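Let's take a friendly walk through this protein, going strand by strand and then on to a pocket. Keep the viewer open as you read.

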Amino acid sequence: MRREIAAVLAIARGIRCTPEQIFITAGYSGALGLVIRALRLDGATAWMEEPGFPLTRRALHLAGMTVVPVPADGDGIDIDAGLARAPAAGLAVVTPGQQAPLGVTLTLPRRLALLEWASRTGAWIVEDDYLSELQLKGRAAPALASLDRQGRVLHAGTFSKTITPALRLGFLMVPPGVAGLFGEAAACLSPAPAAAMQRAVADFMAGGHYFRHLRRMKRLYAARQQALLAAMRDAAGAASPLAVEASGSLSVRLLLPPGSDDIAIAAAARADGLAPVPLSPWYADGPEAARPRGLLLGITNLQERRLSDDCRRLAELAKRYG
């Protein structure tokens, strides 16, 4: 399994590594937990993208870390803002391939600035490559770890998006200088998932099926994203205060007017058989009332025959609670 992942990382993500640098984890959360334990980051300060994945923020808080929100814009995480807010942070958790939830790619100047900061201060960078090669617009950018020459980037990947979340299977690629340290921590504190499941996925990858599967799913997801965009815009109406946006990620954003209760809308939608994700909990900076409001609509498992009706019901809920 580790050998196959190293081969995929070399071909698809531009990362040169050995199987000894790969650790199999229980999904992304297992990889993040292994990083915190192995590097003894409990109590440290961490940069976190703003907006950013709420479960990552919660995990860092549970580890006793001080989480500093660093704004992300059209170029990705703002390194200058991070330097101004917490120049001595010991960790940065980023999604450079496709920022979650904005879907933008971290630009090369900011990648180099982030790596320079980590090298100069001795900080670590967790690269959450949560969508791997599932870039719906053009080719995926090479991984941040492919530019790392000082051994500061820990590259975390998962098969939850590319195969199925039911596997709870992920991996962590670490720099060679800390592979021994991570090996000891993994053996004692983070045992790998069941060997049978690993062998099945390894065989799937070794037979070339993984890359064929990714190509097929990219075509399918791109078509579903366009279908959802069209249906949601039609349901919202031309004069509606609701705005519908797409990105390169596996979701469509439905932006709500200021003051809307996106959490209440999401709860009402779940009771109606829908499953949008509220956008406001992805933000942690500033007053809660000022945070952007919206819904993230997943494209991976939508029912196309019910799409128009589902979008109409969601638009009605959004207008009712707006």
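Predicted model: local features only at pLDDT ≥ 70, side-chain atom pairs only at ≥ 80, totals over all residues.

## Strands, a helix and a pocket

Thr25 has Gly170 as its bridge partner in β8. Strand β1, residues 22-25, runs antiparallel to β8 and is joined to β8 by four bridges. Strand β7, residues 153-158, also pairs with β8 in the antiparallel sense, over four bridges. Here Ala156 stands opposite Leu172 of β8.

What covers the two faces of β8, and are its residues buried or exposed? Both faces of this strand (residues 170-173) are covered: Gly170 and Leu172 are buried on one side, and Phe171 and Met173 are buried on the other.

Further along, four strands form an open sheet in the order β9-β10-β12-β11, with antiparallel pairing. Its edge strands, β9 (243-246) and β11 (277-278), each pair on one side only. Helix α8 (residues 209-236) packs on this sheet and touches β9, β10 and β12 (294-298), with a direction about 170 degrees from that of β9.

The antiparallel pairs can be set side by side:

| Strand pair | Bridges |
|---|---|
| β1 and β8 | four |
| β7 and β8 | four |
| β9 and β10 | four |

Finally, look at the second largest pocket, which holds about 220 Å³ of space. Its lining counts 16 residues, with Ile15, Arg16, Ala145, Asp148 and Arg149 nearest the centre. By class, the lining has eight nonpolar, five polar and three charged residues.

Technical notes
Residues numbered from 1 in each chain as written. Heavy atoms only, no water. Pairing = 2+ DSSP bridges. Contact = heavy atoms within 4.5 Å. Axes fitted to C-alpha atoms, helices over the stretch in contact; angles between N-to-C directions. 1 Å grid on protein atoms, 1.4 Å probe; cavity = no way out; pocket = protein on both sides within 12 Å on 5 of 7 lines; lining within 4 Å. Points joined across faces, edges and corners; volume = space filled by probe spheres on them. Nonpolar A, V, L, I, M, F, W, Y, C, P; charged D, E, K, R; others polar. Buried < 20%, exposed > 50% of the residue type's maximum accessible area, 1.4 Å probe, protein only.
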